[in-house]
Amino acid sequence: MPEQQAAKDQTDPAEEVGDFLRQRREQIAHRWADAALFRTVFTVSRDEAVEAGRAVVEALAAVAASGRVEDSEADGFTVVREQLARTAHSRARAGATLGQISAEMDALRRPVTDLLLDELSDAPAEHVRECTTALTVLMGTLRLVMHETTTVAGEELINRQRLELLEIATPVIKLWEGIVAVPLIGTLDSARSQVVMETLLDAVVEQHARIAILDITGVPTVDSLVAQHLMKTVAAARLMGAECIVSGIRPAIAQTIVHLGIDLSDVLTRASLADALAYALQQQGAHIVANPTSTAEPR
């Protein structure tokens, strides 16, 4: 018995915690299934919550066995990062803040600690302290992994939503058979200019358009980089077999383009969207007839 106790005292606390997690995996998973973090995510099936908890416990056991309880980049965490991201997304969609998610993650430590203390009920106090400290550090690292995963996933979601908003703010309108237009409103930057080009070229292909109109009446300013993007868009549309017309260049923008020394001589321009559409219809063979205001007296 003394020999066994001496061997136990020499065991690395992190490794012992890893062994404990593997042995008590099912109990921990079932207790976690009733915790707020898993219960609010897996609302349809408790078995799914247990399975998710089991996967996290296995990851923690692997990390503890490696002795890297303080390392959020430990290999054991790799397999559960995606699951943690899905869990965080689900809680965020339900309105939970990052602080609430972190608190729910921290609440998972208590059930595991209780089981560990029960497991070490006959162990020396110093050994119990070392093991519980290793478990606390390990759970803190898990919370850090959850935080990092949530932050990265949140940034990705914001970027996706930003691109979606750019696409929504860049509608392509079919004005006539073979004629499409992109009315732009608001500030143009490099990212949005790229979306404009991609959206317009896709519309040229889908609509079999022969004329595309870029209307910048609602654009307050244009710098040299945006002007270059517009010229590239015009050139790309030509390569796709469509003539591109830029309309709605306001006086201030025209002066800016002149001051910047940007050559738009190869770009077909019109004062307004109406003028651009009239030109496009004429190119399509349509005859535009003005409707004179009637001066006859009503009877």
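A: Start with the lining of the largest cavity: I216, V222, A227, L230, M231, V234, V246, I249, I257, L264, V267 and T269. This is a predicted model, so local features need pLDDT of at least 70 and side-chain atom pairs pLDDT 80 or more, while totals for chains, interfaces and linings use all residues. Numbering runs from 1 along each chain as its sequence is written, and side-chain values use heavy atoms, with hydrogens and water left out.

A cavity here is a set of points on a 1 Å grid over the protein atoms alone where a 1.4 Å probe fits but cannot get out, with lining residues having an atom within 4 Å of a point. Volume is the space filled by probe spheres set on the points, which are joined across faces, edges and corners. With that rule, you get 2 cavities of 30 Å³ or more.

The largest cavity holds about 90 Å³ of space. Helix α11 (residues 224-239) supplies the largest share of its lining, with 4 residues (helices are DSSP runs of H or I, at least four residues, numbered from the N terminus). Sorted by class, this lining is 11 nonpolar and 1 polar, with no charged residues. (Ala, Val, Leu, Ile, Met, Phe, Trp, Tyr, Cys and Pro count as nonpolar, Asp, Glu, Lys and Arg as charged, and the others, Gly among them, as polar.)

Now for the second largest cavity, at about 40 Å³. Around this one sit L98, I101, S102, R143, M146, H147 and T150. Two or more lining residues each come from α7 (98-106) and α9 (125-168). The top contributor is α9, which gives 4 residues.

On to the helix packing. Helix α2 (residues 13-23) lies against helix α5 (residues 46-66) at an angle of about 155°, and their axes are 7 Å apart. (Axes are lines fitted to C-alpha atoms over the stretch in contact, and angles run from 0 to 180 degrees between N-to-C directions.) That's why α2 and α5 come out as roughly antiparallel, the label for angles over 145 degrees, with 65 to 115 being roughly perpendicular. On the α2 side the contact uses A14, E15, V17, G18, L21 and R22, and on the α5 side V57, L60, A61, A64 and A65, where contact means heavy atoms within 4.5 Å. Those residues divide into 8 nonpolar, 1 polar and 2 charged.

Helix α2 also packs on α8, this time at about 105° and with axes 11 Å apart. So α2 and α8 are roughly perpendicular to each other. Here F20, L21 and Q23 of α2 touch V112, L115, L116 and E119 of α8, giving 5 nonpolar, 1 polar and 1 charged.

Helix α8 (residues 109-119) has helix α3 (residues 25-33) as a packing partner too, at an angle of about 150° and with the axes 9 Å apart. In this pair, Q27, I28, R31 and W32 from α3 meet P111, V112, D114 and L115 from α8. By class, the α3 and α8 contact has 5 nonpolar, 1 polar and 2 charged residues.

Key
1 Å grid on protein atoms, 1.4 Å probe; cavity = no way out; pocket = protein on both sides within 12 Å on 5 of 7 lines; lining within 4 Å. Parallel < 35°, antiparallel > 145°, perpendicular 65-115°, else oblique.
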